[in-house]
Amino acid sequence: LAVSTTADGNASGDVVYYGTGATVIGKIYHYKSDGSWELADANAAANCDGLLAVALGDDADVTGMLLRGFVTLIDIQGSEAVGDVLYLSESATGAADCVAPAGNGDIVRVIGYCLTTDDQIWFNPDNTFVEVTA
């Protein structure tokens, strides 16, 4: 099932209802060892090396977090095109980017693929990542 509207956080897929911390619908989060969610950040491995999810509302354990599936993000950095590979953004926390991070110490992690130019994606974060040495 693909998402039927372009409303941020509209999703279909694997959703979990646990974790703490306030979330922003349509942003990408990293699950921390203390059970809370923080905005994913490609500038540090500690903020993007583990479980990633997209917030489906403002409270993870009530509105849910999408682990994998179709979802509309709040924004994609760059000029997305249908079929683009998407990465965690190095310039905006909790966002996707059409271009891989390139700064020294940045983390390159494929998170999915662009389905439309309206921020709809297939979210399926790779379990591996590469740290850039520039």
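1. Two strands are said to pair if DSSP finds at least two bridges between them. The model is predicted, so local features need pLDDT of at least 70 and side-chain atom pairs count only at pLDDT 80 or more, while totals for chains, interfaces and linings use all residues. Residues are numbered from 1 along each chain as its sequence is written, and side-chain values use heavy atoms, with hydrogens and water left out.

2. The chain has 1 helix and 12 strands. Both kinds of element are DSSP runs numbered from the N terminus (helices: H or I, at least four residues; strands: E, at least two). Read from the N terminus, the order is β-β-β-β-α-β-β-β-β-β-β-β-β.

3. Strand E4 (residues 52-55) pairs with E5 in the antiparallel sense, over 2 bridges, and Val54 has Leu66 of E5 as its bridge partner. Strand E11 (residues 120-123) also runs antiparallel to E5, with 4 bridges between the two. Here the bridge partner of Thr72 is Gln120 in E11.

4. E7 and E10 run antiparallel and are joined by 3 bridges; Tyr87 stands opposite Val110 of E10. E7 also runs antiparallel to strand E8 (residues 96-97), with 2 bridges, and Leu88 stands opposite Ala96 of E8.

5. Asp119 deserves a check. Its phi is positive, about 70 degrees, although Asp119 is not a glycine. Where does Asp119 lie? Asp119 is in the loop between strand E10 (110-114) and E11. Asp119 counts as buried because its relative accessible area is 15% (buried is under 20%, exposed over 50%, partly exposed in between, with a 1.4 Å probe and protein chains only).

6. Phe129 sits in the loop between E11 and strand E12 (130-131). Phe129 counts as partly exposed because its relative accessibility is 33%. Leaving aside residues up to four places away in sequence, Phe129 touches Ala45, Asp49, Ile107, Val108 and Arg109 (a contact means heavy atoms within 4.5 Å). Ala96, which stands opposite Leu88, is 33 residues from Phe129 along the chain, and their C-alpha atoms are 15 Å apart.

7. For the chain as a whole, the C-alpha trace spans about 40 × 35 × 20 Å along its principal axes. Of the 134 residues, 41% count as buried. Among contacts with a separation of 6 or more, 56% come from residues 24 or more positions apart.

8. What are the numbers of positive and negative side chains? The chain has 4 positive and 19 negative ones, and the centres of the two sets lie 6 Å apart. Lys and Arg count as positive and Asp and Glu as negative, with His and the chain ends not counted; each charge is placed at NZ of Lys, CZ of Arg, CG of Asp or CD of Glu.
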